[in-house]
Each structure stands twice: as C-alpha cells, then as structure tokens.
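Subject: Structure for you to look at, with notes

Dear colleague,

Here is the structure I promised to pass on, together with my notes on what was found in it. Please open it first and keep it beside you while you read.

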Amino acid sequence: NQTVDVTDRRLCRIFTRERFDNGGRLFGGFWQRLRKKHRLEGIAIGTEDVVELDFGQMAPRILYGLAKVEPRFTDSYLVPGFEMHRQGIKKVMNAMLFTTKPLMRMPQGVRNEFSARHRVQDVVTAIEAAHPAIKDMFFTDIGHELQFIESQILVDVLLKLKGEGIIALPIHDAVLVPASKVALAKDIMLSSFKHHTGIEGIVTEDGSLTNMNHDHSF
C-alpha cells in the first residue's frame with residue numbers, strides 16, 4: 001500500500017535550460033504522485049467528487065498558435081497511415097520537439113508502439129506531411145518553450161479559478177476540480193488557452209463513477 005502524506009500541498013515551478021522562459025511546470029503536491037484512478041476515487045474537494053480536466057493535444061496546438069494557423073483536424077496525433085498507433089505518434093512527435101538532430105532510431109520505450117516494419121524515418125515523414133503548418137518548428141528544441149507557454153496557461157487558470165472561489169489541484173496540463181464546477185472551470189481553461197495562443201483549445205473530462213468513500217478532502 002502506498003503511504004500518502006496529505007499535508008504535502010506545496011507547489012513549485014521548475015524551469016529548464018537555466019531560463020525563466022523555458023519549462024516552468026508546477027511540481028509537488030501529494031496528488032501529482034498518485035495514479036489517476038486513486039486521485040479520482042480517493043480525493044474529495046469539500047464534500048464533492050473531483051473531476052480531472054485535461055488540456056488535449058497541448059504541445060501541437062500551441063505550435064499551431066505560434067504559426068497563427070487554426071487546426072482543421074480534431075486530433076493532431078491521428079496521422080494518416082498510422083491511425084492505429086496514436087500513442088506512438090504522440091511520443092515520437094514529442095521527441096521531435098526536444099532535439100535539434102534527426103531521429104535515427106525510435107525514442108526509448110516507443111518501439112513497441114509500432115509494427116516491426118515501421119521505421120522512425122517513415123513515422124517522422126508522416127508526421128511532417130500531416131502538419132505542414134508547423135513542420136519547420138520540429139527539430140528546433142522548441143519543446144522547452146512550449147512547456148513554458150503551457151505552464152503560463154495553467155498558472156493563469158489556477159489564479160482565475162481561485163478568483164471564482166474554486167479550489168483546483170494542478171497536474172501539469174490538467175486540473176482536478178469539484179464536480180459542480182466543471183462547466184465554469186472548462187470555460188476558464190478554454191478562454192485562457194485562447195488568450196495565450198490565439199487558437200481554440202481542447203479540454204477533456206475524466207471522472208470516477210466509484211468515488212464514494214473519500215479519504216482526503218480539501
């Protein structure tokens with residue numbers, strides 16, 4: 001059994017590359033170290049169940065914002081020819097944002113996301129073909145800057161939720177909020193994303209149907 005210190009509620013922003021405009025994600029808080037299932041089933045805010053609201057496709061959509069192009073697709077990780085390998089596409093695309101060198105092999109832990117016949121060069125070519133508007137930003141090590149924009153959005157969301165009297169627990173590109181505040185929290189998240197990127201964002205919702213006996217409340 002995992003021992004949880006529910007008094008561990010302090011958060012800090014961790015920046016990268018010795019710059020205050022790179023990285024900046026919030027780390028800390030006991031809830032971040034829990035599995036999603038345990039967060040949703042074991043945490044209450046007040047007397048309410050919690051719902052996890054996630055920004056969808058955060059990195060590629062921020063890239064489209066930087067390119068000033070509104071995406072015309074619903075899922076940036078559904079790449080033609082690799083529709084059955086969405087998770088692998090996501091991991092390869094992420095790797096393409098945190099390097100300046102061509103990928104010569106599959107990133108660590110990604111090989112089993114694809115068929116044996118798939119070469120990393122073929123995957124990269126397919127991703128670039130699917131996203132011509134942001135192709136030039138791949139392999140520029142822009143990932144740290146994208147994380148900073150993401151972190152600015154999350155801090156903005158947390159401050160606006162606090163201003164509405166809503167307790168929210170951040171998990172990098174997601175927040176836990178009371179079930180009764182989901183609609184307002186979604187509106188705040190989407191407006192903040194639009195403010196920082198210039199394009200529409202995506203927010204997905206994940207709640208637990210078995211969240212009956214809460215051990216930890218806020």
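In these notes a residue is called buried when its relative accessible area is under 20%, exposed when that value is over 50%, and partly exposed in between, as computed with a 1.4 Å probe on protein chains only. Please bear in mind that this is a predicted model, in which local features need pLDDT of at least 70 and side-chain atom pairs count only at pLDDT 80 or more, while totals for chains, interfaces and linings use all residues. Residues are numbered from 1 along each chain as its sequence is written, and side-chain values use heavy atoms, with hydrogens and water left out.

Let me start with Thr 74, which lies in the loop between α2 and α3; helices (H or I, at least four residues) and strands (E, at least two) are DSSP runs numbered from the N terminus. Thr 74 counts as exposed, because its relative accessibility is 69%. Contact here means heavy atoms within 4.5 Å, and, leaving aside its neighbours within four places in sequence, Thr 74 is in contact with Gln 57 and Ile 202.

Next come the helices. Two packed helices are described by the angle between their axes and the distance between the axes. The axes are lines fitted to C-alpha atoms, for helices over the stretch in contact, and the angles run from 0 to 180 degrees between N-to-C directions. Angles under 35 degrees count as roughly parallel, over 145 as roughly antiparallel, 65 to 115 as roughly perpendicular and the rest as oblique.

How do α2 and α5 lie relative to each other? Their axes come within 10 Å and cross at roughly 100°, and α2 and α5 are therefore roughly perpendicular to each other. On the α2 side the contact is made by Met 58, Ala 59, Ile 62, Leu 63 and Leu 66, and on the α5 side by Leu 146, Ile 149, Glu 150, Ile 153 and Leu 154. Glu 150 is buried, with a relative accessible area of 5%, and, not counting residues up to four places away in sequence, Glu 150 touches Arg 25, Met 58, Ile 62, His 172 and Asp 173.

The axes of α5 and helix α6 (residues 182-197) come within 9 Å and cross at roughly 140°, which makes α5 oblique to α6. Among the residues that make this contact are Ile 153, Asp 156 and Val 157 of α5 and Ile 188, Ser 192 and His 196 of α6. Asp 156 itself is buried, at a relative accessible area of 18%, and, with residues up to four places away in sequence not counted, Asp 156 touches Ser 192 and His 196. The side chains of Asp 156 and Ser 192 also make a polar contact of 2.9 Å, a term that covers a pair of N or O atoms within 3.5 Å, of which, within protein, one must be able to donate a hydrogen and the other to accept it, and for which residues adjacent in sequence count only if both atoms are side-chain atoms.

In helix α3 (residues 86-96), the buried residues are Gly 88, Ile 89, Val 92, Met 93, Ala 95 and Met 96. Seen down the axis of α3, these buried residues fall within an arc of 155°, so they line one face of the helix; the arc is that of the directions from the helix axis to the C-beta atoms. The buried residues of α3 pack against α2 (58-67) and α4 (120-130).

Two backbone angles deserve a look. Most residues other than glycine have a negative phi, and most peptide bonds are trans. Phe 139, in the loop between α4 and α5, has a positive phi, near 60°, and is buried at a relative accessible area of 18%. His 172, in the loop between β5 (169-170) and β6 (174-178), likewise has a positive phi near 60°, and counts as partly exposed, at 23% relative accessibility.

Finally, Gly 201 lies in the loop between α6 and β7 (203-207) and counts as buried at 15% relative accessibility. The C-alpha atoms of Gly 201 and Leu 190, 11 residues apart along the chain, are separated by 5.7 Å.
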